[in-house]
Amino acid sequence: MNHTEIIDLRSDTVTKPSPQMWERVRSMSNSDLGDDVMHEDPTINKLEDEAARIMGKEAALLVTSGTQGNLLSLLSHTDPGDEILVEEKAHIYAHEVGGAARIAGVMLRTYPSDKGLPDLFELQELIRNKEDIHEPPTTLLCTEDTHNSHGGVVIRPDKLHELYEFARDNELKLHIDGARIFNASVASGIHVSKFAQHADSVMFCLSKGLSCPVGSMIVGDQDFIKRARKFRKMVGGGMRQAGIIAAFGLEALRSDWINRLKEDHRLAEILANGLSDLSYPIKIQEPQTNILMVNFPKHIEMNLVVKSLRENGVLAFDDGHRIRFVTHYGISEEQIYTAIGYVDNALQKIFPK
């Protein structure tokens, strides 16, 4: 490859910590650390208090990853043999290695949606009769915000309120996989607590757009977090002097750093507009946040598209007959314009003129 620059648009998980995050970590001493399994790490305690405050919940728990956070939430809301409802393209269903079934012991029933939002009448038909001796009880409804596989779309609080009321009417708990919920908040201009208030639990990632090197949070009421803390220990997530990790998270939850996500959204729009100007038979989904989906004709071999992009300096993931581009901290506007040229070079090999 002749390019001296590789532009990594695979995911916002490739972000690196900000200088301010490193400064906070460098300033730490042993007095800032303790055994978190015993709930004695002061920095983690501060992070959990701050996460709960921002989300408007009673309590929070630091976990190693979004996948672990979702798993702990399922374990804490259900009993083995329960059935849960998840969207058909949800991360919990498609990308978490079957942990819900293998570890939580629950059945997963999928529901179709319009960009993450189900038809409540159709959803009603999927709920099991708890009085029927033959059927597993439906106990949990899950949603995702922003919704990754639908192109980072935002499910606004008014729609979450409808889901929450539906769950209440059917004696279900509601969990939000909010890996990128701060993107939803910033894009809509609505405080993140307004999203979280319409759920029994929320998981959000520190290691995506907020650019921490590791970690996610789950929030809920005190009883939920107490159960989740024990399940975290069960699955090997009980860390000790992990305040070093939490220090990054405390810096990430500053309002100015959260608002920085607007820049990622702006760059996604620039990328979408630039790719739309290219004369190829591709369909650009208008981005709502920092995820851009580009649809290709069915006859195109997507592995060749990914290979051509890589050879021309752009890293991206394929998803069915789509390419997913994700903007994030560490990508500049200049790099986006460079990436548009790189993509043009790559697609010339896929769609020869």
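Is Arg128 buried, exposed or partly exposed? In this predicted model, Arg128 is partly exposed, with a relative accessible area of 23%. The side chain of Arg128 forms a salt bridge with Glu83, and the closest N and O atoms are 2.8 Å apart. Glu83 belongs to strand 3 (residues 83-87), while Arg128 sits in the loop between helix 6 (120-124) and strand 5 (138-144), so the pair ties together parts that are 45 residues apart in sequence. The two partners can also be set side by side by their cover: Glu83 is buried, because its relative accessible area of 2% falls under 20%, whereas Arg128 is partly exposed at 23%.

Strand 3 pairs with strand 4 (residues 107-111) in the parallel sense, over five bridges, and here Ile84 stands opposite Leu108. Strand 3 also runs parallel to strand 5, to which three bridges join it. In that pairing, Glu83 stands opposite Thr138 of strand 5.

Strands of a sheet pair through backbone hydrogen bonds, either parallel or antiparallel. Four strands form an open sheet in the order 9-10-13-12, with antiparallel pairing. Strand 9 (283-284) and strand 12 (317-318) are the edge strands, each pairing on one side only. Strand 9 is joined by two bridges to strand 10 (residues 291-295), and the two run antiparallel. Within this pairing, Ile284 has Val294 of strand 10 as its bridge partner. Helix 13 (residues 261-276) lies across strand 9, strand 10 and strand 13 (322-326), and runs at about 20 degrees to strand 10.

Across the whole structure, a search finds 16 salt bridges. Among them is the contact between the side chains of Arg10 and Asp8, at 2.6 Å from N to O. Arg10 counts as partly exposed at 25% relative accessibility, whereas Asp8 counts as buried at 15%. Elsewhere, salt bridges link Arg24, Glu251, Arg254 and Asp256 in a network.

Together with Ile103 and Val235, Met234 makes a nonpolar surface patch of about 270 Å². Phe231, also placed in helix 10, counts as buried at 17% relative accessibility. Leaving aside neighbours within four places in sequence, Phe231 is in contact with Leu72, Leu75 and Ser76. The C-alpha atoms of Phe231 and Tyr164 are separated by 25 Å, and these residues are 67 residues apart along the chain.

Finally, the backbone has some points worth a look. Most residues other than glycine have a negative phi, and most peptide bonds are trans. The peptide bond from Asp145 to Thr146 is cis, with omega near -5 degrees. Thr146 lies in the loop between strand 5 and helix 7 (157-169). His39, a residue other than glycine, has a positive phi near 65 degrees. This histidine is found in the loop between helix 1 (19-26) and helix 2 (42-55), and His39 is partly exposed, with a relative accessible area of 41%. Val97 likewise has a positive phi, of about 60 degrees, although it is not a glycine. The place of Val97 is the loop between helix 4 (91-94) and helix 5 (99-102), and with a relative accessible area of 83% Val97 is exposed.

Key: Residues numbered from 1 in each chain as written. Predicted model: local features only at pLDDT ≥ 70, side-chain atom pairs only at ≥ 80, totals over all residues. Heavy atoms only, no water. Patch = residues over 30% accessible without salt bridge, like charges linked within 9 Å, V, L, I, M, F, W, Y side chains within 5 Å. Areas by Shrake-Rupley, 256 points an atom, 1.4 Å probe, with all protein chains shown as cover. Salt bridge = Lys/Arg side-chain N within 4 Å of Asp/Glu carboxyl O. Pairing = 2+ DSSP bridges. Contact = heavy atoms within 4.5 Å. Axes fitted to C-alpha atoms, helices over the stretch in contact; angles between N-to-C directions. Buried < 20%, exposed > 50% of the residue type's maximum accessible area, 1.4 Å probe, protein only.
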